[in-house]
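Please look over the chain shown here before reading the notes below it.

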Amino acid sequence: MAKSLVETKVTMDDRALYKTLCHDLRRQIISRQVQPGDKLPSITALCQQYGVSSITVRAAVRELVGEGLLESRPRSGLYVRDHITSR
C-alpha cells in the first residue's frame, strides 16, 4: 500500500506550480514525514491529492529523481531514497 503523504494544498505563487509541488514533496522527504523505502502514491493519486495535472506531478517527480530523493522503479512505482546516502 502506498504511503500517505501529509495532506497539503498546493497554492500558486511566483514559482511554477511544479516547483511548488516539488518543494512540498522535498520538505516531506527531508523532514522524514515519509521514510526512506516508502512507496509514494501513484501519479494519478498524487494528481488527485494535490489538484494538479499529471504533467505537473511528472515534472516534480523528475526533478526529485534527479536530486536523488526519489527512485522510479518500472512497473512498481515511486520510492523514497535515503537522502543522506543517495548523494
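The model is predicted. Its chain has 3 helices and 2 strands, arranged along the sequence in the pattern α-α-α-β-β. Of the 87 residues in the chain, 38% are buried.

**Overall layout**

- Among contacts in the chain with a separation of 6 or more, 60% are between residues 24 or more positions apart.

**Nonpolar core**

- The largest nonpolar core consists of 19 residues.
- Inside this core, Leu21, Val57 and Leu70 are the residues with the most contacts.
- Two or more residues of the core come from each of α1 (17-30), α2 (43-50), α3 (54-66) and β2 (77-80).
- As a general background, nonpolar side chains in soluble globular proteins tend to be buried together.

**Packing of α2 against α3**

- Two packed helices are described by the angle between their axes and by the distance between the axes.
- For α2 and α3 the angle is about 110°, and the axes are 9 Å apart.
- Helix α2 is therefore roughly perpendicular to α3, because angles of 65 to 115 degrees count as roughly perpendicular.
- On the α2 side, the contact is made by Ile43, Leu46 and Cys47.
- On the α3 side, Ser54, Val57, Arg58 and Val61 take part.
- By type, the residues of this contact divide into 5 nonpolar, 1 polar and 1 charged.

**Cysteines**

- A disulfide is a covalent bond between the sulfur atoms of two cysteines.
- How many disulfides does a search of the whole structure find? The search finds 0.
- Cysteine 22 is buried, and its relative accessible area is 0%.
- Cysteine 47 also counts as buried, because its relative accessibility is 13% and buried means under 20%.

**Threonine 56**

- Threonine 56 is part of helix α3.
- Is threonine 56 buried or exposed? Threonine 56 is buried, with a relative accessible area of 13%.
- Beyond its neighbours within four places in sequence, threonine 56 is in contact with Leu17, Tyr18 and Leu21.

**Loop between α1 and α2**

- Proline 36 lies in this loop, between α1 and α2.
- Its relative accessible area of 29% makes proline 36 partly exposed.
- Which residues does proline 36 touch, not counting residues up to four places away in sequence? They are Val80, Arg81 and Asp82.
- Proline 36 and arginine 81 are 45 residues apart along the chain, yet their C-alpha atoms are separated by 5.0 Å.
- Arginine 32 is found in the loop between α1 and α2 as well.
- With a relative accessible area of 28%, arginine 32 is partly exposed.

**Positive phi angles**

- Most residues other than glycine have a negative phi.
- Arginine 32 is not a glycine, but has a positive phi of about 65°.
- Arginine 75, also not a glycine, has a positive phi of about 60°.
- Arginine 75 is in the loop between β1 (70-73) and β2.
- The relative accessible area of arginine 75 is 91%, so this residue is exposed.

Key: Residues are numbered from 1 along each chain as its sequence is written. This is a predicted model: local features need pLDDT of at least 70, side-chain atom pairs count only at pLDDT 80 or more; totals for chains, interfaces and linings use all residues. Side-chain values use heavy atoms; hydrogens and water are left out. A nonpolar core is a set of buried Ala, Val, Leu, Ile, Met, Phe, Trp, Tyr and Cys residues joined through side-chain atoms within 4.5 Å. Buried means under 20% relative accessible area, exposed over 50%, partly exposed in between (1.4 Å probe, protein chains only). Helices (H or I, at least four residues) and strands (E, at least two) are DSSP runs, numbered from the N terminus. A disulfide is a pair of cysteine sulfur atoms within 2.5 Å. Axes are lines fitted to C-alpha atoms, for helices over the stretch in contact, and angles run from 0 to 180 degrees between N-to-C directions. Angles under 35 degrees count as roughly parallel, over 145 as roughly antiparallel, 65 to 115 as roughly perpendicular and the rest as oblique. Contact means heavy atoms within 4.5 Å. Ala, Val, Leu, Ile, Met, Phe, Trp, Tyr, Cys and Pro count as nonpolar, Asp, Glu, Lys and Arg as charged, and the others, Gly among them, as polar.
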